[in-house]
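User: Please pick out the fold-back points and the helix packing around them, and take me through that part closely. I would like one connected account with the cut-offs spelled out.

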Amino acid sequence: MKLNSIGLPIVESAVLVQELNSLLSSYQVYYQNLRGVHWNIRGKRFFDLHVKFEELYNDAQLQVDLIAERVLTIGGKPLHTFEDYIQNNGIVVGKNISNDEKAVHLVVESLGALLQIERKILEKAANINDEGTNAMMSDLIKSQEKTIWMMNAYLEESL
Ligand SMILES: [Fe+2]
């Protein structure tokens, strides 16, 4: 098995690069979903949600950078065009959502889809002892699960 300069198998790392690029693409759509609801939200909870969505998209932007840099670290090239993001996106695109509950639902749905992608990556990374990718997925999963819990509490829905 041929290894790259950080000791990971080259062939399997290339597969992980593809999966991480799908996550990156989906994350960019999640970011835009958050921008959309930050801008379009209406109603009595405007001030709370407008700020909450800003907090979430700022965090999403940081995660996007970390995912792209992980792709580079394991020997790949991060996707960076809207065209590629649309082709590789795996989450729902929210459009013109102004209702508060629908907006929060969109966040829960987006995060649920990101979690599925991350769990798949976690499994593949574990198979090749790629602890760096693994740890990144663990951090994302833990934080997103908590956000889903809080969003569901807001909606008064169970997990
Ligand atoms: Fe703003």
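Analyst: For the terms, buried means under 20% relative accessible area, exposed means over 50%, and partly exposed lies in between, using a 1.4 Å probe and protein chains only. Before going on, please keep in mind that this is a predicted model, in which local features need pLDDT of at least 70, side-chain atom pairs count only at pLDDT 80 or more, and totals for chains, interfaces and linings use all residues. Residues are numbered from 1 along each chain as its sequence is written, and side-chain values use heavy atoms, with hydrogens and water left out.

Asn96 sits in the loop between helix H3 (82-88) and H4. Here helices (H or I, at least four residues) and strands (E, at least two) are DSSP runs, numbered from the N terminus. Most residues other than glycine have a negative phi. Asn96 is not a glycine, yet its phi is positive, about 50 degrees. Asn129, in the loop between H4 and H5, also has a positive phi, near 55 degrees, and is likewise a residue other than glycine. With a relative accessible area of 66%, Asn129 is exposed.

That brings us to helix H5 (residues 131-155). Its 25 residues should span 36 Å at 1.5 Å a residue, and its end C-alpha atoms are 36 Å apart, which agrees; the expected span is 1.5 Å times one less than the number of residues. The buried residues of H5 include Thr133, Met137, Leu140, Gln144 and Leu155. H5's buried residues pack against H1, H2 and helix H4 (100-127). After H5 comes Glu156, with a positive phi near 55 degrees.

Now for the partners. Two packed helices are described by the angle between their axes and the distance between the axes. Axes are lines fitted to C-alpha atoms, for helices over the stretch in contact, and angles run from 0 to 180 degrees between N-to-C directions. The axes of H1 and H5 cross at roughly 30 degrees and come within 13 Å. H1 is therefore roughly parallel to H5, where under 35 degrees counts as roughly parallel, over 145 as roughly antiparallel, 65 to 115 as roughly perpendicular and the rest as oblique. In this pair, Leu20, Leu23 and Tyr27 of H1 meet Thr133, Met137, Leu140 and Gln144 of H5, a contact meaning heavy atoms within 4.5 Å. By class, the H1 contact with H5 has five nonpolar, two polar and no charged residues; Ala, Val, Leu, Ile, Met, Phe, Trp, Tyr, Cys and Pro count as nonpolar, Asp, Glu, Lys and Arg as charged, and the others, Gly among them, as polar.

H1 (residues 10-40) also packs with helix H2 (residues 46-73), at an angle of about 160 degrees and with the axes 9 Å apart. H1 is therefore roughly antiparallel to H2. The contact of H1 with H2 has 17 nonpolar, six polar and three charged residues.

Ser13, in helix H1, is buried, with a relative accessible area of 3%. Leaving out residues up to four places away in sequence, Ser13 touches Asn4, Leu8, Ile74 and Ile128. Ala14, also in helix H1, counts as partly exposed at 41% relative accessibility. From Ala14 to Val104 is 90 residues in sequence and 35 Å in space, C-alpha to C-alpha.
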